[in-house]
Amino acid sequence: MKFRKASETEIKSKDLLKEVSRCKPEKLEGLLRQIETKIEQSERKEGDLLMAKTMITSRMASMKNKNV
């Protein structure tokens, strides 16, 4: 049985999702900018990048709600 090797972008995207989940609150904005840049430069829509962006924005929103 042959398994398909993960492409380089898939590996980086998975690492990015791990980084988002471990990121400290004060570093979320910088990471969000990096992800948005990667999305703009991407030739095709990558689900992992969009998921990472959603995770960051929801974490930022929940932090703002806690402070209000």
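This is a predicted model: local features need pLDDT of at least 70, side-chain atom pairs count only at pLDDT 80 or more; totals for chains, interfaces and linings use all residues.

Residues are numbered from 1 along each chain as its sequence is written, and side-chain values use heavy atoms, with hydrogens and water left out.

Let us begin with helix α2, residues 28–41; helices here are DSSP runs of H or I, at least four residues, numbered from the N terminus. Its buried residues are Leu28, Leu31, Leu32 and Ile35, where buried means under 20% relative accessible area, exposed over 50%, and partly exposed in between, with a 1.4 Å probe and protein chains only. Seen down the axis of α2, these residues fall within an arc of 105 degrees, so they line one face of the helix; the arc is that of the directions from the helix axis to the C-beta atoms. The face turned away from that buried side carries the exposed residues Arg33, Glu40 and Gln41.

I turn now to charge pairing. The structure holds two salt bridges, each a side-chain nitrogen of Lys or Arg within 4 Å of a carboxyl oxygen of Asp or Glu. In one, Arg33 pairs with Glu29, with the closest N and O atoms 3.8 Å apart. Both residues lie in α2, four residues apart, about one turn of the helix. In the other, Lys53 meets Glu36 at 3.8 Å, N to O. That pair links distant parts of the chain, Lys53 being in helix α3 and Glu36 in α2, 17 residues apart.

Key. Helices (H or I, at least four residues) and strands (E, at least two) are DSSP runs, numbered from the N terminus.
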